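Please walk me through this structure, starting with the surroundings of the ligand and going on to the packing of the helices.

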Amino acid sequence: MLYFRSLPTPNNKRMYQVNNEVESILHGLIAKRTKAIKEGESTKDDLLGLLLESNMRHTYDNGQSSMGMTNEDVIEECKTFYFAGMETTSVLLMWTMIVLSMHPEWQDRAREEVLSLFGKNKPGYEGLNRLKTVTMILYEVLRLYPPSIHFSRKTCKKVLIGDKRYPAGMMIELSVLLMHHDPDIWGSDVHEFKPERFAEGISKASRNSGAFLPFGWGPRICIGQNFALAEAKMAICMILQRFDFVLAPSYTHAPYTVVTLHPMHGAQIRLGLI
Ligand code: HEM
């Protein structure tokens with residue numbers, strides 16, 4: 001976060017201010033939770049609680065010589081999880097609602113599946129694994145509208161990629177969006193919403209099983225992907241159980257990117273109680 005401290009432009013000053021606000025909120029939260037844990041209260045079973053408890057146990061077991069994570073480390077972890085996990089999952093849900101509004105036949109199929117598996121009850125974690133149609137829909141939404149449209153890597157030494165050589169210190173960007181919209185990989189219907197292409201899983205959906213990259217690839221693949229999919233399935237199930245939905249006339253389809261891929265003018269959707 002040092003880059004925005006170097007030049008005092010209005011934008012950098014605002015980023016600095018926002019960063020300070022976020023850090024001060026997190027400092028407060030951590031202090032409150034650390035005190036509660038020391039006083040023997042439960043950790044509430046969430047990520048921050050688990051992180052703090054494991055860190056305190058580590059320090060206790062290894063004596064004061066090993067501090068474990070500092071408060072600053074914990075703050076950075078909170079920021080990573082919040083920024084990597086919140087916006088991405090929320091835009092996935094937003095695009096899913098938009099696309100299911102555009103394709104009512106798939107909305108009906110998804111609702112039928114949810115109602116036949118769970119009725120109007122809240123789905124259990126195990127039950128989410130039985131959702132076939134909803135999973136195909138989420139994959140197809142992630143293909144057409146990947147929340148992260150690219151990822152970057154810096155070469156740390158000379159490398160050969162395919163038949164091209166790159167020097168050390170180069171930024172290489174891999175466009176997820178281009179890969180997901182390549183007709184040579186997905187077929188001539190690449191721009192159409194066709195969840196059935198995932199009927200036999202990700203590996204059979206395209207001509208190149210490595211071409212589906214919504215969560216990245218390799219050692220830095222998204223650590224939260226299973227959590228994100230479970231969360232998205234749970235939310236979509238609960239929405240389908242209660243509402244049917246259509247696009248409002250004011251909706252304009254204009255995907256654009258500000259960190260994640262958003263609908264530029266928002267997602268105006270009309271919900272009707274079932
Ligand atoms: C639909 C939702 C999500 C999408 C599309 C997504 C996408 C991605 C992508 C593409 C990467 C790799 C970036 C790279 O290689 O440079 C990544 C990394 C990461 N994601 Fe997610 N993510 C999602 C949800 C989440 C959630 C819910 C969490 C946490 C609870 C999370 C935590 C992380 C973390 C910590 C990393 C960095 C992993 C590392 O560098 O080792 N993500 N995510």
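**Around the ligand**

In this predicted model, the shell around the ligand consists of eleven nonpolar, seven polar and two charged residues. Of these 20 residues, the ones that come nearest to the ligand are Gly-85, Arg-153, Arg-220, Cys-222 and Ile-223.

For Arg-153, an N or O atom of the side chain is 2.7 Å from an oxygen atom of the ligand. For Arg-220, the distance from a polar side-chain atom to an oxygen atom of the ligand is 2.9 Å. Ala-84 takes part through its backbone instead: one of its polar backbone atoms is 3.4 Å from a nitrogen atom of the ligand.

Which elements give two or more residues to this shell? They are α4 (71-102), β1 (150-154) and α10 (225-242). With seven residues, α4 gives the most.

The ligand also holds an iron atom, and its only protein donor is Cys-222, through the SG atom at 2.3 Å.

**Helix α5 and its two neighbours**

The helix α10, which contributes to the ligand shell, also packs against another helix, α5 (residues 104-118). The axes of α5 and α10 are 9 Å apart and meet at an angle of about 95°. Angles of 65 to 115 degrees count as roughly perpendicular, so α5 is roughly perpendicular to α10. On the α5 side, the contact is made by Gln-107, Ala-110, Arg-111, Val-114, Leu-115 and Phe-118, and on the α10 side by Cys-237, Leu-240 and Gln-241. Sorted by class, this contact has six nonpolar, two polar and one charged residues.

Helix α5 packs against α7 (residues 133-144) as well, with the axes 8 Å apart and an angle of about 140°. Because of this angle, α5 counts as oblique to α7. From α5, the residues in this contact are Trp-106, Arg-109, Ala-110, Glu-113 and Val-114; from α7, they are Thr-133, Val-134, Met-136 and Ile-137. By class, the contact of α5 with α7 has six nonpolar, one polar and two charged residues.

How values were computed:
Residues are numbered from 1 along each chain as its sequence is written. This is a predicted model: local features need pLDDT of at least 70, side-chain atom pairs count only at pLDDT 80 or more; totals for chains, interfaces and linings use all residues. Side-chain values use heavy atoms; hydrogens and water are left out. A residue is near a molecule or strand if one of its heavy atoms lies within 4 Å of it. A polar contact is a pair of N or O atoms within 3.5 Å; within protein, one must be able to donate a hydrogen and the other to accept it, and residues adjacent in sequence count only if both atoms are side-chain atoms. Helices (H or I, at least four residues) and strands (E, at least two) are DSSP runs, numbered from the N terminus. Ala, Val, Leu, Ile, Met, Phe, Trp, Tyr, Cys and Pro count as nonpolar, Asp, Glu, Lys and Arg as charged, and the others, Gly among them, as polar. Donors are N, O and S atoms within 2.8 Å of the metal (3.2 Å for Na, K and Ca); water is not among the atoms, so sites may look incomplete. Axes are lines fitted to C-alpha atoms, for helices over the stretch in contact, and angles run from 0 to 180 degrees between N-to-C directions. Angles under 35 degrees count as roughly parallel, over 145 as roughly antiparallel, 65 to 115 as roughly perpendicular and the rest as oblique. Contact means heavy atoms within 4.5 Å.
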